[in-house]
Amino acid sequence: MRMFVLDGKTGAEHFHVGPVHPGLTPALGDIDGDGVPEIVMGAGATLDFRIVAFAHDGTIQWKSAEPWPYTQGNGGALALADLDNDGDVEIIAGNHLFDHHGNRLWVAPSFLLDTAIAPTAADLDGDGDQEVIFGPSAYHHDGTPYYNNPDVVSVGFGLFPQVANLDSDPEPEVLVSTNGGMYMLEHDGTIKFNLPKGGMFPATVHDFDGDKISEFAVSAGSTYTVYEPDGSPLWAAPVNDPSGVAGGTAFDFLGDGVAEAMYADEHTMFVFDGQTGVVVFQIPRSSGTTIEYPTVADVDNDESAEIIVVSNGNKAAKTAPSVQVIGDQENRWIAARRIWNQRTYHVTNVREDGTIPQFESPHWKTLNTFRTNAQIEGGSVCEPPEPEG
């Protein structure tokens with residue numbers, strides 16, 4: 001398995017590296033303070049994968065001293081965050097935490113390695129630093145437990161935590177997608193409610209219908225549904241994704257206050273009206289689906305957003321190019337940020353230049369989104385503000 005880096009404007013290949021871990025989503029960010037982002041990935045020979053930092057030209061900067069025993073073939077994702085606000089970036093890799101040199105800091109319980117597919121980080125307890133969130137459990141930056149709720153049940157593969165404010169109090173909630181259903185947790189891990197429908201895949205949080213309240217969207221294999229914060233459905237649309245755990249995203253391309261929802265199943269990438277679920281655009285793609293999902297960014301720096309969607313040949317005949325970038329012919333779509341750096345992207349986790357904030361702004365207090373990009377109206381630069389003081 002190889003990883004390719006392509007030019008955002010032309011699609012031309014800059015370089016490729018390999019072997020890398022199949023199905024693993026890398027994380028991008030400036031982890032060494034040199035002003036240029038690195039690519040952090042699992043790479044190496046089978047049964048001897050290491051966490052590897054690649055420079056912007058594809059050269060290896062370092063490999064972790066210890067092997068990384070992640071074996072899940074269905075996919076996984078790395079994440080970057082400055083958990084303890086010391087100016088150095090940490091790397092979340094399954095149930096392992098590494099420093100920015102690839103030294104292992106601590107390891108959470110082993111069952112989380114292959115079940116917590118895309119851990120994320122957020123300051124759940126309001127103490128200023130961030131917790132590592134696996135879903136049914138969360139750990140402080142030093143590896144000590146913050147909460148653990150054994151009543152959050154996952155049937156085999158799949159724990160996907162999302163963080164947003166989805167009720168009337170100021171604290172964030174943790175939305176946990178599992179094969180055993182969707183759980184809404186308070187910031188301390190207490191269960192608010194459970195949607196027991198099976199096969200829940202990674203969720204997207206956004207104001208889909210323009211009512212100034214964030215909803216969440218998730219697939220259950222044959223249906224893509226947008227839910228109100230209390231778990232009641234806003235709309236549902238048929239999709240065909242029984243094989244994988246793909247996710248979606250959203251963006252208000254027209255700037256009319258109503259977002260478009262995007263989801264790519266095994267055969268088609270759909271764009272839905274955020275208020276009604278009506279399909280407004282679709283394009284063929286092919287995939288056996290693991291944890292890939294469409295993303296939105298200004299990849300060619302033309303001040304108009306593009307949609308990026310991938311395909312592979314694992315399901316029937318390959319019907320689309322490996323990577324498709326879709327934009328408006330006249331560049332009329334609203335501008336977006338030029339970066340999307342990791343699977344658990346939530347805008348305030350990375351600046352436009354690829355630096356990871358030492359003090360990350362709580363995204364649920366401003367945008368209140370997860371796995372969606374921010375609009376840039378009038379061409380202004382959208383980046384997390386520097387902390388005061």
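1. Beyond its neighbours within four places in sequence, Asp241 is in contact (heavy atoms within 4.5 Å) with Phe201, Gly221, Ala246, Tyr263, Asp265, Glu266 and Thr289. The model is predicted: local features need pLDDT of at least 70 and side-chain atom pairs count only at pLDDT 80 or more, while totals for chains, interfaces and linings use all residues. Residues are numbered from 1 along each chain as its sequence is written, and side-chain values use heavy atoms, with hydrogens and water left out.

2. Asp241 is located in the loop that runs between strand E23 (233-238) and strand E24 (248-251); strands are DSSP runs of at least two residues (E), numbered from the N terminus.

3. The side chain of Asp241 makes a polar contact with that of Thr289, at 2.6 Å. A polar contact is a pair of N or O atoms within 3.5 Å; within protein, one must be able to donate a hydrogen and the other to accept it, and residues adjacent in sequence count only if both atoms are side-chain atoms.

4. Rings of Phe, Tyr and Trp (its six-membered ring) pair if their centres lie within 6.5 Å; planes under 30 degrees apart count as stacked, over 60 as edge-to-face and the rest as tilted. By this rule there are twelve aromatic pairs. The rings of Trp106 and Tyr139 have centres 6.0 Å apart and planes at 35°, so this pair is tilted. Trp106 belongs to strand E11 (residues 104-107) and Tyr139 to strand E14 (residues 137-139), 33 residues apart.

5. Ring pairs also join Tyr224, Trp235, Tyr263, Phe270 and Phe272 into a cluster.

Terms used
Helices (H or I, at least four residues) and strands (E, at least two) are DSSP runs, numbered from the N terminus.
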